Amino acid sequence: MLLIPAIDLKDGQCVRLQQGEMDRVTVFSDAPEQMAAHWVAQGARRLHLVDLNGAFAGKPVNKPAIAAILDTVGNDIPVQIGGGIRDLETIEKYLDMGISYVIIGTAAEKPWIFARGVHRFWRAG
């Protein structure tokens, strides 16, 4: 079994939304990179990130926090991300940053984005 800790990002902080409402939030940390380091130290073999602002805005918003997490975990474990990924350029930018897996949610409603993304970026792993 693989348990994957999730770090939900809102305004650069680690949070949990109450019933999916952006104005009902519990903040767990102002330092997402430290939370990532905590999960790695606890034995996590993968991290799941969600850009909540990005999911609502339809484009990435928390890139500084994501970059800090990637700098902290380095190549120790793969990192996957979802939230605000609506086009191929965003997928490419995340892969270039060092993200290992990109989660396609809303964009999967446009099959051509999903199909082109798989064709362009598929890496057997």
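Reader: Why does Trp122 count as exposed?

Author: This is a predicted model, so every value here is computed from it. Trp122 has 65% relative accessibility. Exposed means over 50%. Trp122 therefore counts as exposed.

Reader: Why is Thr90 called buried?

Author: Thr90 is at 11% relative accessibility. The cut-off for buried is under 20%. Thr90 therefore counts as buried.

Reader: Where is Thr90, and which residues does Thr90 touch?

Author: Thr90 sits in helix 4, residues 88-97. Leaving aside residues up to four places away in sequence, Thr90 touches Pro60, Gly84 and Ile85.

Reader: Which residues of helix 4 are buried?

Author: They are Leu88, Thr90, Ile91, Tyr94 and Leu95.

Reader: How do you know that the buried residues line one face of helix 4?

Author: Look down the axis of helix 4. The buried residues fall within an arc of 160 degrees, so they line one face. An α-helix has 3.6 residues a turn, so residues three or four places apart point the same way.

Reader: What covers the buried residues of helix 4?

Author: The cover includes strand 4 (47-51), helix 3 (63-73) and strand 5 (79-82). It also includes strand 6 (101-102) and helix 5.

Reader: What makes Asp87 a cap for helix 4?

Author: A side-chain oxygen of Asp87 lies 3.3 Å from the backbone nitrogen of Glu89. A polar contact needs a pair of N or O atoms within 3.5 Å. The distance meets that limit, so Asp87 caps the N-terminal end of helix 4.

Reader: Which residue follows helix 4?

Author: Gly98 follows helix 4, with a positive phi near 120 degrees.

Reader: Is Gly54 buried or exposed?

Author: Gly54 is at 0% relative accessibility. Buried means under 20%, so Gly54 counts as buried. Gly54 lies in helix 2, residues 52-57. Not counting residues up to four places away in sequence, Gly54 touches Lys59, Pro60, Val61, Gly83 and Gly84.

Reader: How many salt bridges does a search of the whole structure find?

Author: The search finds 2 salt bridges.

Reader: What makes Asp11 and Lys10 a salt bridge?

Author: Their closest N and O atoms are 3.0 Å apart. The limit is within 4 Å, so the pair qualifies. Asp11 is exposed, because its relative accessible area is 52%. Lys10 counts as buried, because its relative accessibility is 13%.

Reader: How do you know that Arg24 and Glu21 form a salt bridge?

Author: Their side chains meet at 3.8 Å, N to O. That is within 4 Å, so this pair qualifies too.

Reader: Why do Arg24 and Glu21 count as partly exposed?

Author: Arg24 is at 33% relative accessibility. Glu21 is at 33% as well.

Reader: Which phi does Gln19 have, and where is Gln19 found?

Author: Gln19 has a positive phi of about 55 degrees, although it is not a glycine. Gln19 is in the loop between strand 2 and strand 3 (21-29). Its relative accessible area is 69%, so Gln19 is exposed.

Terms used: Residues are numbered from 1 along each chain as its sequence is written. This is a predicted model: local features need pLDDT of at least 70, side-chain atom pairs count only at pLDDT 80 or more; totals for chains, interfaces and linings use all residues. Side-chain values use heavy atoms; hydrogens and water are left out. Helices (H or I, at least four residues) and strands (E, at least two) are DSSP runs, numbered from the N terminus. Buried means under 20% relative accessible area, exposed over 50%, partly exposed in between (1.4 Å probe, protein chains only). Contact means heavy atoms within 4.5 Å. The arc is that of the directions from the helix axis to the C-beta atoms. A polar contact is a pair of N or O atoms within 3.5 Å; within protein, one must be able to donate a hydrogen and the other to accept it, and residues adjacent in sequence count only if both atoms are side-chain atoms.
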